[in-house]
Amino acid sequence: MERKPFIAGNWKMNMTAESGAKLIKELAPLVKDADCDVALCVPAILIPAMTEAAKGTNIAIGAENMHWEPKGAYTGEISADMLKEYGVKYVIIGHSERRQYFGETDETVNKRTKAVLAAGMTPIMCIGETLEQREGGITEEVLSKQLGTDLAGVEDVTKVVIAYEPVWAIGTGRTATDEQAQETIAFIRKKIGELFCPKCAEKVIIQYGGSMNAGNCKGLMAQPDIDGGLIGGASLKLDFATIVNYNK
Ligand code: PEP
């Protein structure tokens, strides 16, 4: 089953309109012949300027979060229509930093995921275990619970991109080994097969995220179940192009 690899950056609360546009202009010629889909997910306020900077390139601009309600009294939130107005295709949902610092729960991840799908965009839905959970031997239990709740009521799971991001590997420089990442992502695929159908699970794009960089991307991307990466720190520099060109 052919799954087109997908490499996405997550700028988080870094970059300005000026530094972001400069980076996109430098990245564009370096990634233009990529064999994978490429996106940069950026803070909402940067979306108009980054969309402009990425015009005519193969870099899609994504968002880092979205509210599940279409509109209303939700100070500080961003709606699907606001994102779609700028042609946003991808929205990161349930990043561990949202879960850890901003009260995101599996229930709200589920609402956001369904709202992104209903708006015709692609959620990049993040799941992952903490170090304590991995060391306690409950990684599969944790991921099963996240998948069961986060994907509840989703009609077509093949339209969801899953990012497996072990919390202990995000921004720490400590990457999962190729084998750890492969084994866990194969488990996630199997679980999606049980929750939906095995054929659907074969079509779902599952990224690895957690200190993926220019040095370790080849090994991770060579694993049969790893279809891409969600890249934090390395997406803030030209290393992102090396990751996108992991197969060259
Ligand atoms: C992320 O924020 O999703 C991430 C994987 O960050 P980093 O690559 O910096 O670990």
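**Ground rules.** I number residues from 1 along each chain as its sequence is written, and I leave hydrogens and water out, using heavy atoms for side-chain values. Because the model is predicted, local features need pLDDT of at least 70 and side-chain atom pairs count only at pLDDT 80 or more, while totals for chains, interfaces and linings use all residues.

The side chain of glutamate 165 has an N or O atom 2.6 Å from a ligand oxygen. For serine 211 the atom is a backbone N or O, 2.7 Å from an oxygen of the ligand. Asparagine 10 places a polar side-chain atom 3.4 Å from a ligand oxygen. The ligand taken alone exposes 290 Å², of which the protein buries 96%. Accessible areas are from the Shrake-Rupley method with a 1.4 Å probe; for residues, only the protein chains shown count as cover.

Lysine 12 is not a glycine, yet its phi is positive, about 55°. Lysine 12 sits in the loop between strand S1 (6-10) and helix H1 (17-31). Helices (H or I, at least four residues) and strands (E, at least two) are DSSP runs numbered from the N terminus. Serine 211 also has a positive phi, near 55°, and lies in the loop between S7 and helix H10 (217-221). Serine 211 counts as buried at 17% relative accessibility; buried is under 20% relative accessible area, exposed over 50%, partly exposed in between (1.4 Å probe, protein chains only).

**Gln207.** Glutamine 207 is in strand S7 (residues 206-209). Its relative accessible area is 0%, so it is buried. Leaving out residues up to four places away in sequence, I found contacts of glutamine 207 with residues including Phe6, Ile124, Tyr164 and Leu230 (contact means heavy atoms within 4.5 Å).

**His67.** Histidine 67 lies in the loop between strand S3 (59-63) and helix H3 (80-84). It is buried, with a relative accessible area of 6%. A polar side-chain atom of histidine 67 is 2.9 Å from the backbone nitrogen of glutamate 69. Beyond four places in sequence, histidine 67 touches Tyr74, Glu77, Ile78, Arg112 and Ala115.

**Helix H5.** Arg112 and Ala115 are among the buried residues of H5. I noted S5 and H7 among the elements that cover the buried residues of H5. Glycine 120 follows H5 and has a positive phi, near 80°.

**Helix H7.** The buried residues of H7 include Val142, Leu143, Gln146 and Leu147. Their cover includes helix H5 (106-118) and helix H8 (178-195).

Conventions
Polar contact = N/O pair within 3.5 Å; in protein donor to acceptor, adjacent residues only side chain to side chain.
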